[in-house]
Amino acid sequence: MEVIIRPDADAAAELVARVIAKDLRANPHLVLGLATGRTMEKVYRHLVRMHRNEALDFSLCSTFNLDEYVGLSPEDPHSYRHYMNEHLFRQVNIAPLNTHLPNGLAPDLEAECRHYEAAIAKFGGIDLQMLGIGQAGHIGFNEPLSALRSRTRVKALTPTTIQQNGPLFGGEDKVPRRAITMGVGTILDTRRCLLLATGKEKAYIIARAVEGPITALISATSMQLHPRCTVVVDEEAAGELQGVDYYRWIFENEPEWAEFR
Ligand code: GLP
């Protein structure tokens, strides 16, 4: 795991977008794992800008999102399918058929979860997975006690998650109680992960996720088991990390990061 600290939220999001753009240019058939949430909106803004101004081409890539609420239709403005259409898919040249999210309206949710895993495998696995982090430390909707080897499945949302997402739905009572999410094991199988967290409200959980012991109570700690996970934070979200001097040294000195400095 490595930690990159950028001065502010926009610079952190831009770095994530530039890593994605670099991988996409190197492999136009990239299988990209996508995430939703407020933090990611800035990343998508940068990707859309790069598509418009720097000819970043999405025509051959495929995408798999981490999760979707159970019971929401793709047209529902609160669904993650709607979020993705608005923030990325409609604004770049991606083929709609190459974009995948779990279907929260599937009559047989367990079968839908199995199909989602099978589809990821059929595309050869996920090359680059974007991740956000919930304030309680979940990735996707892998709520506390999610098994570290879990696969795509239905998860009940915790009161903390419901409370956090309440404002987006116009009230906690309107937040769906369940979601389909890639499992921790599904995420650990991806070839590379980029976890983005910004703002001081993420400082505590980022310190636990990066420097704390691995525990199923905080699914983001599982990223310590991932062979190639980069955590990108702004100064505020880095506020409670112990090893910042070392992390800054890596970014300033390792050749891999030279082009991003
Ligand atoms: C939701 C999503 C997560 C996301 C989290 C944080 O719970 N399922 O994938 O990481 O929100 O969102 P935000 O970026 O708005 O803090």
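The largest nonpolar core of this predicted model holds 82 residues. Within this core, Val43 and Leu47 touch the most other members. Helix α1, residues 9–26, gives the most to the core, with nine residues. Seven strands form an open, parallel sheet. A search of the whole structure finds 10 aromatic pairs.

**Nonpolar cores**

- Leu47 touches Ala17, Ile20, Leu56, Phe58 and Leu88, leaving aside residues up to four places away in sequence.
- Another core lies apart from the largest one and has five residues.
- Among the members of that five-residue core are Ala106, Leu109, Cys113 and Ile180.

**The sheet**

- The strand order is β1-β10-β9-β6-β2-β3-β5.
- Strands β1 (2–6) and β5 (99–100) stand at the edges.
- Each edge strand has a single partner, so one side of each is left without a neighbour in the sheet.
- Strand β2 covers residues 31–34, and strand β6 covers residues 128–131.
- These strands, β2 and β6, pair in the parallel sense over two bridges.
- Leu32 has Leu128 as its bridge partner in β6.

**Ser62 in strand β3**

- Ser62 has its place in strand β3, which covers residues 62–65.
- Is Ser62 buried or exposed? Ser62 counts as buried because its relative accessibility is 5%, and the cut-off for buried is under 20%.
- Ser62 touches Leu30, Val31, Leu32, Asn98 and Phe123, again leaving aside residues up to four places away in sequence.
- Leu32, one of these contacts, is also the bridge partner of Leu128.

**Aromatic rings**

- A pair of aromatic rings is described by the distance of the centres and the angle of the planes.
- The rings of Phe64 and Phe123 have centres 5.4 Å apart.
- Their planes stand at 80°, so the Phe64 and Phe123 pair is edge-to-face; planes over 60 degrees apart count as such.
- Phe64 lies in strand β3, whereas Phe123 lies in the loop between α4 (109–122) and β6.
- The pair therefore ties together parts that are 59 residues apart in sequence.
- Phe64 is buried, with a relative accessible area of 0%.
- Phe123 is partly exposed, with a relative accessible area of 31%.
- Phe123 also touches Ser62.
- Which residues do ring pairs link into a cluster? They are Tyr69, Tyr80, Phe141 and Phe169.

Terms used. Residues are numbered from 1 along each chain as its sequence is written. This is a predicted model: local features need pLDDT of at least 70, side-chain atom pairs count only at pLDDT 80 or more; totals for chains, interfaces and linings use all residues. Side-chain values use heavy atoms; hydrogens and water are left out. A nonpolar core is a set of buried Ala, Val, Leu, Ile, Met, Phe, Trp, Tyr and Cys residues joined through side-chain atoms within 4.5 Å. Buried means under 20% relative accessible area, exposed over 50%, partly exposed in between (1.4 Å probe, protein chains only). Helices (H or I, at least four residues) and strands (E, at least two) are DSSP runs, numbered from the N terminus. Contact means heavy atoms within 4.5 Å. Two strands pair if DSSP finds at least two bridges between them. Rings of Phe, Tyr and Trp (its six-membered ring) pair if their centres lie within 6.5 Å; planes under 30 degrees apart count as stacked, over 60 as edge-to-face and the rest as tilted.
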